[in-house]
Amino acid sequence: MKRPRAESLDEVPGGPSFGSVLCRLSELPPRGSKAFQFRDGRLRYDIFVQRWDDKVYAYRDVCPHLSLPLDWRRGHFLDVDGQNIQCGHHGARFRVEDGLCIEGPCKGEYLTPVRIAVRGDEVQVA
Ligand code: FES
């Protein structure tokens, strides 16, 4: 059964594989994010991409504190100031550029990065 989350959530069958196109760069506003849910049988693999002006970062959608999804509002990952990724459960804040937790219960831990590449207008799994 599908878990409806947000209009920005794409469900992609199978696990993420090299070269899979996640989205188009032009779909992401300068500080926009997009969540993806891969399914491979019973396994689920949630990731999100976060555009940061001219760069794009991708992480597993799993907070290092209690392994819960990060988005505080469905498909939204930045804090109200738009400066850091913020976990919606206990408020941990992470730097966008490297996923380091700078404040909160998992301070000093990192989000798990997902290797991506931007080729032309495509954001791909690398
Ligand atoms: S689960 Fe993210 S801060 Fe607790």
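The legends below describe close-up views of a predicted model of one protein chain.

**View 1. The whole chain and its confidence.** The protein chain has 126 residues, of which 25% count as buried. Its mean pLDDT is 87, and 88% of the residues reach 70 or more. The secondary structure consists of 10 strands and zero helices. Among contacts with a separation of 6 or more, 49% join residues 24 or more positions apart.

**View 2. The sheet of β2, β10 and β9.** Three strands make up an open sheet, ordered β2-β10-β9, with antiparallel pairing. The edges are taken by β2 (21-24) and β9 (116-119); each has a single partner strand, so one side of each is left without a neighbour in the sheet. On average, neighbouring strands here are turned by 25° against each other, direction ignored.

**View 3. The pairing of β9 with β10.** Strand β10 covers residues 122-125 and pairs with β9 in the antiparallel sense over four bridges. Within this region, Val 118 stands opposite Val 123 in β10.

**View 4. The largest nonpolar core.** This core has 23 residues. Those with the most contacts inside it are Leu 22, Phe 48, Val 49, Val 56, Ala 58, Tyr 59 and Ile 116. At least two core residues are supplied by each of β3 (33-40), β4 (43-52), β5 (55-60) and β10. The largest share, four residues, is that of β5.

**View 5. The surroundings of Tyr 59.** Tyr 59 is listed among the core residues with the most contacts inside the core. Leaving out residues up to four places away in sequence, Tyr 59 touches Ile 47, Phe 48, Gly 99, Leu 111, Thr 112, Pro 113 and Val 114. One of these, Phe 48, is also listed among the core residues with the most contacts.

View 6. Ser 20 sits in the loop between β1 (10-13) and β2. Around Ser 20 there are 17 other C-beta atoms within 10 Å; a buried residue would need 20 or more and an exposed one 12 or fewer, so Ser 20 is partly exposed. Apart from neighbours within four places in sequence, Ser 20 is in contact with Gln 124 and Val 125. Ser 20 and Ala 126 lie 106 residues apart in sequence, and their C-alpha atoms are 8.1 Å apart in space.

How values were computed: Residues numbered from 1 in each chain as written. Predicted model: local features only at pLDDT ≥ 70, side-chain atom pairs only at ≥ 80, totals over all residues. pLDDT = per-residue confidence, 0-100. Pairing = 2+ DSSP bridges. Axes fitted to C-alpha atoms, helices over the stretch in contact; angles between N-to-C directions. Contact = placed C-beta atoms within 7 Å. Core = buried A, V, L, I, M, F, W, Y, C linked by C-beta atoms within 7 Å.
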